[in-house]
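Visitor: I'd like to learn how to read helices and salt bridges in a model like this one. Could you walk me through it?

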Amino acid sequence: MSSDGNKKQFWKRNAAKVPGSIQHVYGAQHPPFDPLLHANLIKAGNKPPPATPGKPKKATTFQEFESITSDAWDVGDDDDELLAMAAQNLNIEVVMETANKVIENHSKQQERQRLDDTTELEQREEDTQEEVAEEEEEEGEDEEYEDDRVEEGDVTSPEVSFASQSSPYTDGRLVKSHSEAPIGSPKDTAGEHAALHRQRSLPHRPPVIPLVARIADQNTSGTPAMTEREASRLDKFKQLLAGPNTDLEELRKLSWSGIPRQVRPITWKLLSGYLPANAERRESVLQRKRQEYFGFIQQYYDSRNDEHHQDTYRQIHIDIPRTNPLIPLFQQASVQEIFERILFIWAIRHPASGYVQGINDLVTPFFVVYVFEYIEEEVENFDVSSLQEEALRNIEADSFWCMSKLLDGIQDNYTFAQPGIQRKVKALEELVSRIDESVHRHMQQYEVEYLQFAFRWMNNLLMRELPLRCTIRLWDTYQAEPEGFSHFHLYVCAAFLVRWRKEILEERDFQGLMILLQNLSTMHWGNEEVSVLLAEAYRLKFAFADAPNHYKR
């Protein structure tokens with residue numbers, strides 16, 4: 001089948017569910033096409049390709065998508081804005097040294113892990129062989145014992161013998177007669193023994209890592225919750241935060257490589273600009289901002305069913321249950337009501353963008369972090385109704401203001417036609433063509449457009465690609481990095497894509513590439529993998545953001 005045929009077939013089957021499709025990617029309110037931009041491009045000489053002569057065909061979803069977006073991103077002066085250097089810079093030597101150490105340590109740990117796995121597998125195989133030999137010896141003894149019983153005449157009828165045993169197929173229930181017992185052929189029995197043998201010979205599967213629990217320290221290598229180094233870092237945070245005026249620049253440097261769970265709530269509030277650096281003013285600011293938020297609730301929330309607001313509220317109401325559906329915390333009615341209020345108030349206070357699908361995801365990291373301010377146990381299955389009402393109100397207001405601060409820096413991602421995302425996806429394509437030409441050419445060969453998978457990466461800040469615990473660790477660095485959400489995220493996406501180069505190059509058609517890129521295997525990722533990703537992203541930023549001529553062709 002031709003490449004075009006594969007693409008048509010893929011989009012027909014997945015138009016309603018693949019995030020690259022029109023219905024799913026752009027949301028209900030903002031189509032990607034800007035007629036003025038299109039007209040300007042035509043005047044500038046960027047004419048669309050001539051129509052193919054012949055019998056006209058009914059447009060497929062992919063053809064509509066392609067025709068709408070094909071002329072949207074001709075390189076222009078606007079790209080210079082994306083390539084502008086950050087106003088502030090961290091100590092480059094410190095961060096580069098940290099990045100190199102992270103990558104070096106990761107390589108050493110991977111090698112040790114491979115050696116340990118090989119040794120463990122060999123030991124399990126030896127143990128399995130010994131078990132099989134013992135079982136065969138025991139079976140031989142049982143057969144000899146049964147033969148002796150037959151010779152002595154000490155054998156009961158089949159019905160009695162089955163009635164005196166519990167069947168493995170009936171969960172320990174006694175079988176009354178031979179007719180009730182499942183009858184298996186010798187082939188079935190042999191298959192069961194073979195399956196049992198295979199099961200025993202396989203290494204144990206790793207434990208399932210909770211999606212949220214142990215957010216601060218979860219790692220796939222199973223490291224302890226608090227090492228000596230982590231305790232030392234926690235002390236540094238506490239000392240820095242205990243002063244009358246917190247040094248925000250020093251706090252950013254300390255936070256870049258991760259924030260301990262115990263101090264993450266206060267650190268996020270400071271780094272986002274929600275709280276002042278002066279310790280004496282913090283309590284009064286918190287009280288004022290929380291009262292202001294609930295003033296908005298009293299003033300605006302009752303208008304959610306008004307004619308000019310009901311469409312916004314309806315879309316929010318539909319999207320909330322879809323937010324992290326695998327985590328019980330977010331399926332609680334009281335949590336969903338909190339999210340509805342936060343998103344509705346933000347939408348009507350920002351009419352330039354309003355509510356756009358994807359913004360609902362951005363509330364969840366703040367909500368989880370600020371819940372941890374009041375509890376010690378795991379949050380994944382925590383019943384928020386057990387919290388005092390004042391605590392819940394504080395969590396809601398703090399989440400609203402910190403999400404608003406984040407969106408202030410990336411609001412052009414959600415205004416009409418979402419130009420911020422279009423520029424970033426175009427920049428991602430340019431960047432990947434520089435850092436890994438093989439991957440870029442492979443995508444071109446099978447006609448995979450970056451927009452079809454990377455739109456979601458920009459729209460949801462990789463939240464749909466990573467477990468929530470990894471998103472929170474990622475946001476530690478985004479909060480510490482100047483323009484972390486608006487600028488550094490581009491380099492994280494590039495490092496994330498190249499991380500899967502082996503799997504990408506193994507796929508040999510459009511459909512296989514799309515399925516891979518929409519379902520990347522990160523469920524068992526932890527702090528270690530995120531740290532390596534961030535180190536690679538910083539190296540890319542160091543090489544390209546500070547050298548724009550190197551970045552552009």
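Guide: Let's start with a helix. Helix α14 (residues 333–349) has 17 residues and spans 25 Å from first C-alpha to last, close to the 24 Å expected at 1.5 Å a residue. That expected span is 1.5 Å times one less than the number of residues. Helices here are DSSP runs of H or I with at least four residues, and strands are E runs of at least two, numbered from the N terminus. Keep in mind that this is a predicted model: local features need pLDDT of at least 70, side-chain atom pairs count only at pLDDT 80 or more, and totals for chains, interfaces and linings use all residues. Residues are numbered from 1 along each chain as its sequence is written, and side-chain values use heavy atoms, leaving out hydrogens and water.

Visitor: Which residues of α14 are buried?

Guide: Buried means under 20% relative accessible area, exposed over 50%, and partly exposed in between (1.4 Å probe, protein chains only). In α14 the buried set includes Val335, Ile338, Phe339, Phe344 and Trp346, along with Gln336 and Glu340.

Visitor: And what covers the buried residues of α14?

Guide: Think in contacts, meaning heavy atoms within 4.5 Å. The cover includes α12 (279–300), α13 (310–319), α15 (364–371) and α16 (389–408).

Visitor: On to charges. How many salt bridges does a search of the whole structure find?

Guide: The general idea is that side chains of opposite charge can pair when their charged atoms come close. The cut-off here is a side-chain nitrogen of Lys or Arg within 4 Å of a carboxyl oxygen of Asp or Glu. The search gives 16. One of them joins Lys269 to Glu373, with the closest N and O atoms 3.1 Å apart. Lys269 sits in helix α11 (residues 264–271) and Glu373 in the loop between α15 and α16, so this pair ties together parts 104 residues apart in sequence.

Visitor: Is Lys269 buried or exposed?

Guide: Lys269 is buried, at 1% relative accessible area, while Glu373 is partly exposed at 38%. Both also belong to a network of salt bridges that links Lys269, Arg290, Glu373 and Asp398.

Visitor: What about Glu506 and Lys502: how many residues apart are they in helix α22?

Guide: Four, which puts about one helical turn between them in α22 (residues 501–506).
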